[in-house]
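Okay everyone, thanks for coming. Let me put the model up, and then we'll walk through it together.

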Amino acid sequence: MKLINYSLKVGNNLLFDNVNISFEKERINHILGSNGVGKSCFAKSTIGLLKYAGKIEGDSDISLIGSYSGVPQDFKLLDIRKILELHFNSNHIKSLCQLLNTSSIPNNIPIRKMSDGQKQKIKLLVFLASKPETIILDEFTSALDKNSSLEIYKFLNDYIKVKGTLIINITHNLSDVENMPGSYFYISNKKITKILDKDKIFDLYIKGE
Amino acid sequence: MKLELKRSINNKTYIFALASCVLSFILGYILLISIDKLETVPLNDFWFSVYTVYTQFGFLIFPVIVAFVYNIDYREKNILFYKTLGVNAINYYLSKLVVIILWFSVGTLGSLFITSILYQDFSNFLITFLHFESVLIYIILISSIFAFILKNLLVAFISNLFLWILGIVLATTNKVFEYLCYFDASLIRHENFEKFLKTGDLSYISVFNDWIYILAVFVIILFAVTISKKRWEKNGI
C-alpha cells in the first residue's frame, strides 16, 4: 500500500498533510503515535469512510479490524462458521479456524458471553474470511491479557507467513512491536515517518520527541 | 434474510414481537370490559377494539421492537460485518424489515386465528387480518426508517411519535394531511371498518386503497434508504 500526496482533514483539524509513504507487503507494519494524531482516522479513510486528498494505491481490498468492526453478539461460533462457509471458501474458513485454534471456543454460547480474547479471535475469523489483500488492525490487542495477546501474535505471525498479506497494525501496545517483527512507522507533525530501528521507535514512543 | 431470521431467534426478538401482538389483543379485550362495561364481548366488537389498540397504541408499542432491531447493529458497530458479507444498505434494511413484518404478522394472524376458533366464527377473518396487517406494516415502515437513519434509539422512537402526533394535529387543519396519519382512529377509515364489522357491508371498506397507500409509503421509504447509504455506514462504524 502506498500513500501519494495523502492529506486528511477531519472538521477543521488537519491530521495528515501531503504524506508520501509505502507500507510493505508480507510484513507487519506497526504504526505508533500519540493520542489524537489521527491513527484511527487514517484507518477509516483507507476504506472510504473519511474523505482524503491525494491517492492511496492498493486500497481495493482492505479489511479493517478495530473497535468499530463488531460482529453481532447474538451469534454463536457455530452460526458464524455456517454464515462464513456460505459466503466464502470453506477450506479457507477451516484453515483460519485451525490457525486461530477456535476449537478452544465453545460452539454454543453467544459472542456477548465470550472473553475478550475469544471475541477478538471471532473478529479475525470474520474479517479475514474474504482473504483480504490488506489487513488494518486498529488497537486490536489493547483490551487483551498477556496470554490472549500472545495467541493473537502467534496467529498473525503464522498468518503472514502462510498468506503473505500486508498488515498494518495501529497500536499503543509496545508488546505488539516486541512480539511481531516487521516495519515501524511513527506519526507526528501530520506526517508518517518510517523508523528503521525497533529501539528507536520505542524511544520515540516512550520519551516523545 | 436467513441471517436476520437466525438473529431474531437468537436475540429473542420474535418473542417480543409475538408477545406485543398478544398483549394488544388482551388490551383490546380489557378496554371493552373495563371502559365499555360489556358483559359479553361479541367477536366483531372485540376485533374492532383490538384494531383501535393497533391504530391508537401501535405507535407506542411496536416501534420499540423495530428500533431495537436496527439500533443493536449501530450499538455493536456491526455494519462492517455486513459489508464484509457483501450486504449493502438496501439489502440490510429490507432483510430486517421482512423479518420484523414476519414475526408481527405471525403474532397478529395467530391471535386472530385463536380468537376465531374460540368464537367459532371465521366470517370476517380475512378482511380483518388485511386491516390489521396494513396498520401493522405502516407502523413498522415508519418506525423502521427512523431506526435506520437515526443512530440514537430514543431519538428514533421520539421522532416516530412526533410524526404520528404531528400528522393527527395537521389532519384537523386540512384533509391533505390525513395521509400523515392514514390509519388513525379519528379518521373515517376507522369508523368505516367498525360499520363493516357490524353490518358485513363490503362497501364500507377499502382494502385496495389501503394497500396502495402502503405501497406508496414503501417506495418513499426505499428512496430514503437509498440516499442514506453513507449515513448507515457512519451510524454503525
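So, where chain A meets chain B, 17 residues of chain A are in contact with 15 residues of chain B; contact here means that the C-beta atoms of two residues, placed from the backbone, lie within 7 Å. Quick caution: this is a predicted model, where local features need pLDDT of at least 70, side-chain atom pairs count only at pLDDT 80 or more, and totals for chains, interfaces and linings use all residues. Residues are numbered from 1 along each chain as its sequence is written, with chains lettered from A and ligands numbered from 1 in the order in which they are written.

Helices and strands are DSSP runs, numbered from the N terminus: H or I over at least four residues, or E over at least two. By type, the chain A side splits into 10 nonpolar, five polar and two charged residues. Nonpolar is Ala, Val, Leu, Ile, Met, Phe, Trp, Tyr, Cys and Pro; charged is Asp, Glu, Lys and Arg; the others, Gly among them, are polar.

Now the sheet. Chain A has an open one with six strands, in the order β5-β6-β7-β3-β8-β9, with mixed pairing; strands pair if DSSP finds at least two bridges between them. β5 (62-65) and β9 (191-195) of chain A sit at the edges with a single partner strand each, so one side of each has no neighbour in the sheet. Further in, β3 (28-33) and β7 (166-170) of chain A run parallel over four bridges, and A:Ile28 has A:Ile167 as its bridge partner in β7(A).
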